[in-house]
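Work through the exercises below with the model open beside you. Try each task before you read its solution.

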Amino acid sequence: MSVMRLLRHDLPASIVVFLIAIPLSLGIAAACGAPLLAGLIAAVVGGIVAGALSGAPLQVSGPAAGLTVIVAGTIASYGPAGTAAIVAVAGLVQIVLGASRLGRAALALSPAVVHGMLAGIGLVIALSQVHVLLGGDPQSSAWHNLRDLPAQIAGHHGVSALLGLLTIAVLLLWPRLKKVAMIPAALVAVVVVTVPAAAMGADVERVDLPDAPLSALILPVWPNAPLGEIAVAVFTIALVASVESLLSAVAVDRMHDGPRADLNRELVAQGCANTVSGLLGGLPVTGVIVRSSANVAAGARTRASAILHGVWIAAVVLLGAWMLEAIPLAVLAAVLVVVGLRLISLAQIRTYARHRELPTYLVTAVGVVATDLLTGVAAGLACAVAMMLWRLARCEIHTDGTTVTISGSLAFVGSGRVARALATLPAGQHVTVELHLDYLDHGAFQVIEDWREAYVKSGGTVDVRETHDGWFGRASRGRLGAGKSTPRRFGSWSQWQDMDRQRRNAMAAGIHEFERSVAPLVQPHLAGLARDGQQPEQLFITCADSRLVPNLITTSGPGDLFCVRNIGNVVPPHGGPDSSVGAAIEYAVGVLGVRTITVCGHSGCGAVRAMMAGGNTGDLGRWLTWSTNDFTGEIDETRCVTDNVTRQLANLRTYPVVRDAEEAGRLTLTGMYFDLSEAKMYAVDRLGLRPVAAA
């Protein structure tokens with residue numbers, strides 16, 4: 001079975017990834033100013049070593065565009081041999097990080113900073129490679145490349161520029177041809193442009209690989225530079241490669257339904273690959289989302305696909321290098337221009353704008369382009385921290401007549417705004433201060449408390465209400481930040497209303513609270529239900545006990561549950577003298593089309609206790625006859641409740657509409673038991689009780 005899976009899924013997927021990896025690996029090496037063989041070595045090692053050890057089996061590793069700027073600077077400073085040594089040591093750092101189980105720590109970095117960094121790198125790549133595409137030479141910095149770009153565009157362009165522009169055209173148009181879009185666009189563009197260029201003998205610079213690749217490997221040499229500078233280079237490559245690999249692994253997890261990634265193991269695998277790549281003179285290795293997403297889309301099932309793609313690259317380098325040497329460098333530059341610009345994602349920009357994180361993204365991207373990678377990332381991190389602190393200290397204040405509503409986090413830095421808002425309230429009135437706070441520090445509390453005391457002394461009255469945690473109430477009792485109160489929306493009247501109000505008009509006060517604070521939140525949803533009608537997920541039959549709140553214990557809302565509540569969650573059999581429950585069942589199944597019916601009993605059920613006591617007469621006695629037959633003498637109340645649930649499920653099946661729907665597979669019947677003291681739900685079946693959350 002594993003061999004068939006390999007031949008059917010992993011082998012074809014490995015060929016697709018191999019065809020994508022070849023042009024990208026060559027292009028990235030060219031953009032770094034490294035020997036082109038170094039990019040192919042990284043692709044081989046990334047496929048075989050990282051693939052074999054990977055904690056994310058469907059992730060494909062190799063040289064990545066995200067490290068291009070860093071590697072180019074390292075090669076310029078220390079040469080290819082010195083860079084190889086730095087890459088090898090960076091791999092050892094990654095192994096230590098993974099062995100220390102710090103894999104997930106890298107994900108604490110703000111995604112806006114990471115994606116801003118990649119966008120900045122993409123722009124730097126595009127600005128440098130567009131010069132190569134147009135037949136020129138890249139400059140030393142992004143600013144110089146941008147400054148000289150108009151002159152480069154206006155200058156004389158030869159065959160290289162034509163080949164590059166044709167490559168871009170194919171890259172952009174090929175994915176639109178849906179019938180053949182599975183063939184990688186990068187491969188098609190390189191082949192379509194390279195073949196006629198070679199046939200015509202175009203005089204352009206081409207890929208240059210050594211005749212004997214194994215003897216041309218660049219062995220690492222320790223750089224002749226201060227240890228501090230080398231350490232910075234090592235940790236920069238290690239950290240950026242780690243973050244990019246882990247983010248890619250998390251993204252790949254969202255693309256398939258197989259086992260989730262082990263990020264610590266993945267980090268060790270990436271470290272081993274980088275150490276081997278460095279020792280062989282290759283570029284740094286990371287998990288790459290472009291190749292990984294192609295791997296998943298092509299149907300890969302195991303790590304064999306990533307390993308095989310590395311084997312195919314090694315075979316081509318050793319046996320078919322002449323084919324690669326026909327590729328013009330302008331064609332690879334065009335591929336890199338498109339890849340670089342695609343690192344700037346408009347969808348991500350819209351997402352960060354929606355979440356108010358666009359400044360962090362832009363500061364990072366602009367910082368990377370205008371200065372260097374480390375400075376840009378540091379600026380982005382500083383911006384992210386500043387925005388986080390601003391949000392923590394930010395609160396919304398609204399004044400409406402004699403009511404002030406304060407929402408968010410209220411710290412001492414916002415006390416001035418609060419004091420000014422409170423000062424606008426008319427003197428001598430009954431005023432209300434509504435607090436919807438996630439946090440309240442002592443300085444802000446003192447401002448509100450001092451104002452309240454002064455306002456009351458001047459003849460007014462103040463009512464402070466809190467919707468969430470009781471920050472103000474605890475502070476008044478000298479326990480600011482200690483413990484939690486029951487949220488108003490989940491607590492009973494006695495927990496959020498004063499006792500006098502509870503005795504007199506608790507219902508009216510509750511309705512007023514709903515219309516004031518909850519109704520504005522749910523009104524659009526209720527309006528939609530009013531317009532479109534109800535389509536509940538299931539019929540929920542439970543006890544009328546006042547302590548049982550179906551929507552609370554199921555975390556459901558309007559339109560989710562069609563509820564029937566009665567004494568003892570009883571379902572009289574079909575054809576009996578009581579038809580009210582039967583009417584609800586037939587309406588729920590036949591008209592609303594619910595897919596599930598749940599009968600839910602609970603601990604401390606008064607109906608079950610009445611049945612256990614026996615001797616019931618009148619309407620209660622007649623009603624309870626539809627429950628489990630004789631509980632007299634039973635001492636296990638839980639057993640009695642679950643037996644009752646089982647009996648009601650059997651009664652449900654006496655209804656033709658239920659029986660027919662269940663036999664047709666359109667309906668499922670379930671039994672549940674809610675333990676009030678534990679606040680925990682259990683499933684009731686022939687095996688007994690089992691926690692629903694573990695089911």
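The exercises cover cysteines, an aromatic pair, a helix, backbone angles and cavities in this predicted model.

**Exercise 1. Cysteines**

Task: Find how many disulfides the whole structure has, and explain the result for C600.

Solution. 
- Step 1. Search the whole structure: the count of disulfides is 0.
- Step 2. Recall the cut-off: two cysteine sulfur atoms must lie within 2.5 Å.
- Step 3. Take C600. Its closest cysteine sulfur belongs to C543 and is 9.3 Å away, so the distance is too far for a bond.
- Step 4. Check the surroundings. C600 is buried, with a relative accessible area of 0%. C605 is buried too, at 2%.

**Exercise 2. An aromatic pair**

Task: Classify the pair formed by F562 and Y587, and say where each residue sits.

Solution. 
- Step 1. Know what to look for. A pair of aromatic rings is described by the distance of the centres and the angle of the planes.
- Step 2. Count the pairs: the whole structure has 4 aromatic pairs.
- Step 3. Read the distance for F562 and Y587: the centres are 5.9 Å apart.
- Step 4. Read the angle. The planes of F562 and Y587 are 40 degrees apart, and the pair is tilted.
- Step 5. F562 belongs to strand β8 (residues 561–566), and Y587 to helix α23 (residues 580–592). They are 25 residues apart, and the pair links distant parts of the chain.
- Step 6. F562 counts as buried, at 17% relative accessibility. Y587 counts as partly exposed, at 37%.

**Exercise 3. Helix α23**

Task: Compare the span of α23 with the expected value, and find what its buried residues pack against.

Solution. 
- Step 1. Count: α23 has 13 residues.
- Step 2. Compare the spans. From first C-alpha to last, α23 reaches 17 Å, close to the 18 Å expected at 1.5 Å a residue.
- Step 3. List the buried residues of α23: V581, G582, A584, I585, A588, V589 and L592.
- Step 4. Find their partners. The strands are β7 (538–543), β8 and β9 (596–602). The helices are α25 (618–624), α26 (637–652) and α27 (656–663).
- Step 5. Look just past the end of α23. There G593 has a positive phi of about 70 degrees.

**Exercise 4. Positive phi**

Task: Locate R101 and T555, and say what marks their backbone angles.

Solution. 
- Step 1. Start from the rule. Most residues other than glycine have a negative phi.
- Step 2. Check R101. Its phi is positive, about 60 degrees, although R101 is not a glycine.
- Step 3. Check T555. Its phi is positive as well, near 45 degrees.
- Step 4. Locate them. R101 lies in the loop between α3 (68–99) and α4 (111–133). T555 lies in the loop between α22 (550–553) and β8.
- Step 5. Judge exposure. R101 counts as exposed at 62% relative accessibility. T555 counts as exposed at 74%.

**Exercise 5. Cavities**

Task: Describe the largest cavity and name the element that gives the most to its lining.

Solution. 
- Step 1. Count: the whole structure has 3 cavities of 30 Å³ or more.
- Step 2. Size the largest cavity: it holds about 60 Å³ of space.
- Step 3. Inspect the lining of the largest cavity. Among its residues are A34, P35, I218 and G281.
- Step 4. Name the top contributor: α3, with 4 residues.

Technical notes
Residues are numbered from 1 along each chain as its sequence is written. This is a predicted model: local features need pLDDT of at least 70, side-chain atom pairs count only at pLDDT 80 or more; totals for chains, interfaces and linings use all residues. Side-chain values use heavy atoms; hydrogens and water are left out. Buried means under 20% relative accessible area, exposed over 50%, partly exposed in between (1.4 Å probe, protein chains only). Rings of Phe, Tyr and Trp (its six-membered ring) pair if their centres lie within 6.5 Å; planes under 30 degrees apart count as stacked, over 60 as edge-to-face and the rest as tilted. Helices (H or I, at least four residues) and strands (E, at least two) are DSSP runs, numbered from the N terminus. The expected span of a helix is 1.5 Å times one less than its number of residues. Contact means heavy atoms within 4.5 Å. On a 1 Å grid over the protein atoms alone, a cavity is a set of points where a 1.4 Å probe fits but cannot get out, and a pocket is an open set with protein on both sides within 12 Å along at least five of seven lines; lining residues have an atom within 4 Å of a point. Grid points are joined across faces, edges and corners, and a volume is the space filled by probe spheres set on the points.
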